[in-house]
Number of protein chains: 4
Amino acid sequence: MNFDAIKSECLAANLSLPQSGLVDLTFGNVSVADPERRVFAIKPSGVAYEKLTVDDIVVLDYEGNVLEGDLRPSSDMATHRCLLLNFHGIRSVVHTHSRAAVAFAQAGLDLPCLGTTHADYFHGHVPVTRAMTPAEIAGDYEWETGQVIVERFANIHPLAIPAVLVRNHGPFTWGPSSNKALETALALEIIADMVIKTLTINPQAISTPTHLLDKHFSRKHGPNAYYGQV
Amino acid sequence: MNFDAIKSECLAANLSLPQSGLVDLTFGNVSVADPERRVFAIKPSGVAYEKLTVDDIVVLDYEGNVLEGDLRPSSDMATHRCLLLNFHGIRSVVHTHSRAAVAFAQAGLDLPCLGTTHADYFHGHVPVTRAMTPAEIAGDYEWETGQVIVERFANIHPLAIPAVLVRNHGPFTWGPSSNKALETALALEIIADMVIKTLTINPQAISTPTHLLDKHFSRKHGPNAYYGQV
Amino acid sequence: MNFDAIKSECLAANLSLPQSGLVDLTFGNVSVADPERRVFAIKPSGVAYEKLTVDDIVVLDYEGNVLEGDLRPSSDMATHRCLLLNFHGIRSVVHTHSRAAVAFAQAGLDLPCLGTTHADYFHGHVPVTRAMTPAEIAGDYEWETGQVIVERFANIHPLAIPAVLVRNHGPFTWGPSSNKALETALALEIIADMVIKTLTINPQAISTPTHLLDKHFSRKHGPNAYYGQV
Amino acid sequence: MNFDAIKSECLAANLSLPQSGLVDLTFGNVSVADPERRVFAIKPSGVAYEKLTVDDIVVLDYEGNVLEGDLRPSSDMATHRCLLLNFHGIRSVVHTHSRAAVAFAQAGLDLPCLGTTHADYFHGHVPVTRAMTPAEIAGDYEWETGQVIVERFANIHPLAIPAVLVRNHGPFTWGPSSNKALETALALEIIADMVIKTLTINPQAISTPTHLLDKHFSRKHGPNAYYGQV
């Protein structure tokens with residue numbers, strides 16, 4: 001099998017992380033899947049972005065076996081794998097420690113929808129996961145991290161709200177392409193920054209009314225979308 | 001009719017948005033009107049700034065009919081049209097989701113005048129609009145957005161306070177040229193950032209006394225202005 | 001008389017303002033004096049920094065008469081003149097609307113000394129001026145602004161605390177050269193930013209004990225200074 | 001004796017400070033030691049980074065005697081010396097006035113561990129030192145600063161928590177190389193910024209549970225580490 005397409009897309013996506021301003025040091029990684037073949041490419045662990053080449057990208061199957069690459073995959077690999085397996089229709093997962101989004105993860109708070117910037121991207125609050133148990137942390141920690149995300153989305157469509165805040169950790173976003181998952185990661189950080197500023201001046205700021213949330217989300221998504229070009 | 005002048009000015013103004021730091025992703029647009037001919041040029045919807053060319057700019061008449069251009073106009077077009085129709089003496093409208101200004105829109109708070117930086121640009125608080133009704137949102141939403149702005153300015157001169165905060169959305173600014181409307185958008189964001197910092201250290205900070213507000217506004221505006229060169 | 005030296009220094013100092021990050025749009029100006037000849041050079045009013053040339057710099061005497069230059073001096077000229085006249089040993093005044101320092105001016109709060117970064121530059125709190133009266137604002141406003149600064153320094157040595165926060169307005173700094181006054185303006189903004197962050201996490205943060213304040217100020221200033229090279 | 005290796009490493013590390021964004025003006029310095037020979041290199045006092053050359057670097061022995069260099073060492077030299085003498089296994093000390101870390105030092109608060117970004121670097125809260133006494137400040141101030149750090153680490157392993165916040169002053173970090181100590185200084189600032197944002201939206205945010213802290217620290221440190229490449 002030839003994995004050049006997903007490896008190239010994965011390399012480009014990881015290289016764009018430090019340029020986006022979302023990632024400090026090596027705090028971020030992107031995976032890109034080929035769902036039909038049930039394989040995905042991911043950044044190797046702890047390699048500086050400026051030294052990354054396409055040969056460093058690790059390719060695995062959906063069971064977690066390495067198919068190509070000499071380096072260890074990202075330590076967060078199993079979380080990516082869990083989301084790619086469970087969230088149908090997605091091809092890419094992005095993980096960062098972007099600062100404003102991390103603040104909500106550390107605060108243990110959902111990111112509330114306070115305005116149209118949020119409603120353009122997320123059809124409701126971006127949820128925070130529950131605290132993990134000592135057993136989950138002592139076990140297959142990164143896989144269990146994926147499992148608590150999937151649990152949190154039991155009643156949420158992952159393409160209607162393509163982001164989560166892992167408690168005491170940070171954000172994961174996803175989408176049908178790495179470009180879209182990266183755009184969502186950037187939008188999430190911008191929106192979280194806006195909410196911190198909003199709550200600073202009005203701790204009682206109220207969520208956007210449902211009719212405005214629905215209106216803005218449907219301007220950009222679904223059969224009646226009229227934002228952008230046809 | 002030839003629309004080259006307003007199309008060129010409109011292109012240049014939209015291209016300056018990402019450089020200004022006011023706009024993330026594609027969250028902003030500028031319109032430029034020729035009020036005598038009752039026509040205006042506006043950014044197309046959802047096109048990345050770096051790909052924008054003068055041929056992409058859409059020209060419409062004041063009734064909203066497209067006169068030139070193959071792309072859909074900005075989804076916010078009807079809000080621009082409403083302001084251009086109702087606010088006499090303006091030629092350009094700027095819309096952004098700049099973060100500190102959005103914070104006030106999301107908080108549902110007028111931007112109070114706390115100092116001379118504000119008074120140099122706005123002759124009083126920058127108002128936030130009322131919440132829109134479900135009927136307004138379900139109807140011609142973007143036009144109704146313009147209508148609630150116009151309603152809010154029933155007793156405010158739009159050139160004395162050339163900016164508004166649309167509740168749960170973000171800022172619009174305007175002026176006699178796109179350069180002036182853009183400068184006002186930047187000043188609004190700077191001032192909003194200053195107010196967030198001020199309220200962080202003193203939630204009871206009081207508004208600038210009227211005599212100081214009047215003094216600074218009149219240094220820059222009106223028959224006795226003495227700021228700048230003749 | 002030849003004013004080339006102070007005009008060149010004044011031009012260079014004003015050009016450095018936007019690069020310093022202290023100044024947005026045209027919100028700042030620097031004056032440079034020759035105290036022996038009782039003359040000073042200052043930025044013209046409302047001219048963009050990128051268009052400024054040495055020929056645009058305005059030279060005035062200490063009574064406020066223009067000696068050289070075709071443009072209007074900065075509208076803040078009389079404040080500069082008042083400080084140059086009253087604060088002995090200074091040769092340059094810098095005025096900005098840098099955001100964190102403006103926050104204290106708008107909050108009506110002295111900038112408290114919370115640490116050694118502050119003590120390295122200012123021997124005590126940086127004071128905020130009292131509110132100006134309607135008569136002072138209606139009169140020779142910019143001169144009166146200088147007068148309330150001088151009044152506030154009745155019991156403070158202007159070289160021990162070379163900065164002030166004009167209430168509802170912003171900071172002025174000064175020093176024996178424009179380089180030193182600019183460094184002080186930058187240090188003031190950095191320190192104000194640190195204090196905002198400090199008060200965010202601990203509104204009861206207490207001022208640096210006097211013995212630590214004295215120690216750090218005397219490391220850098222006075223006969224026993226041992227910071228830097230001889 | 002030849003000191004070229006530590007002088008070169010010391011120069012490169014100091015030059016990287018302004019590029020890192022951690023340091024404003026001249027507020028920072030790095031030392032690099034050769035523990036076997038009991039000597040260390042350090043930045044000279046008050047020299048601008050852009051003018052620094054390898055010949056300006058000062059070399060001293062662990063008793064504080066200058067062995068090479070014509071300039072005065074950093075005024076913080078004795079603090080570096082005290083840490084190099086007392087913390088076994090370290091080769092480099094970094095001191096900055098980075099703004100968010102300074103905020104905790106000025107607030108007199110330990111930096112709490114609120115998430116995995118912190119746990120990846122520090123095995124517990126980053127401690128703040130006690131206030132120094134007037135006698136300590138009047139005496140050999142910089143050496144005593146080192147002593148209160150060492151006192152604070154009586155029951156903390158300096159390689160498990162390679163950073164401290166000196167009360168009313170700012171952060172020091174250390175490590176087995178200048179690159180590692182600089183990375184820790186950057187991580188500390190990022191984490192402090194995240195905590196300020198977290199406490200802004202949830203002043204009751206709770207510390208990371210011990211099992212999660214242990215898990216993340218041991219992913220990167222110790223015999224069972226599996227982050228990065230072998």
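Modeller: I start with Asp110(D), which counts as partly exposed at 28% relative accessibility. In this predicted model, Asp110(D) forms a salt bridge with Arg152(D), and the closest N and O atoms of the two are 3.6 Å apart. The pair links distant parts of the chain, for Arg152(D) belongs to helix 6 (residues 141-152) of chain D, whereas Asp110(D) sits in the loop between helix 3 (99-107) and helix 4 (116-119), 42 residues apart. Arg152(D) is partly exposed as well, with a relative accessible area of 29%. Elsewhere, salt bridges that share partners join Asp24(A), Arg99(A), Asp193(D) and Lys197(D) into one network.

That network brings in residues of chain A and chain D, and the contact between these two chains takes 33 residues from chain A and 32 residues from chain D. The area buried between them is about 2800 Å², with carbon and sulfur atoms giving 58% of it. On the side of chain A, the residues that lose the most area to chain D are Arg72(A), Arg99(A) and Gln106(A), which together account for 24% of what that side buries. Across this interface the rule finds three salt bridges, and Arg219(D) and Asp76(A) also meet through their side chains in a salt bridge, at 3.8 Å from N to O. Helix 3 (99-107), helix 5 (134-138), helix 6 (141-152) and helix 7 (178-201) of chain A each supply at least two residues of the side that touches chain D, and the largest share, seven residues, comes from helix 3. By residue class, that side of chain A divides into 17 nonpolar, eleven polar and five charged residues.

Another salt bridge joins chain B to chain A: Arg99(B) pairs with Asp193(A), their closest N and O atoms being 2.9 Å apart. Arg99(B) lies in helix 3 (residues 99-107) of chain B and Asp193(A) in helix 7 of chain A, so the pair joins two chains. Arg99(B) is partly exposed, at a relative accessible area of 24%, whereas Asp193(A) is buried, at 12%.

A contrasting case is Asp61(C), which is buried yet has no salt bridge, the nearest side chain of opposite charge being that of Arg81(C), 6.4 Å away. A polar atom of the Asp61(C) side chain does, however, lie 2.9 Å from the backbone nitrogen of Glu63(C).

Key
Residues numbered from 1 in each chain as written. Chains lettered and ligands numbered in written order. Predicted model: local features only at pLDDT ≥ 70, side-chain atom pairs only at ≥ 80, totals over all residues. Heavy atoms only, no water. Contact = heavy atoms within 4.5 Å. Buried area = accessible area lost by both parts, 1.4 Å probe. Salt bridge = Lys/Arg side-chain N within 4 Å of Asp/Glu carboxyl O. Helix = DSSP H or I, 4+ residues; strand = E, 2+ residues; numbered from the N terminus. Nonpolar A, V, L, I, M, F, W, Y, C, P; charged D, E, K, R; others polar. Buried < 20%, exposed > 50% of the residue type's maximum accessible area, 1.4 Å probe, protein only. Lys, Arg positive; Asp, Glu negative; His and termini not counted. Polar contact = N/O pair within 3.5 Å; in protein donor to acceptor, adjacent residues only side chain to side chain.
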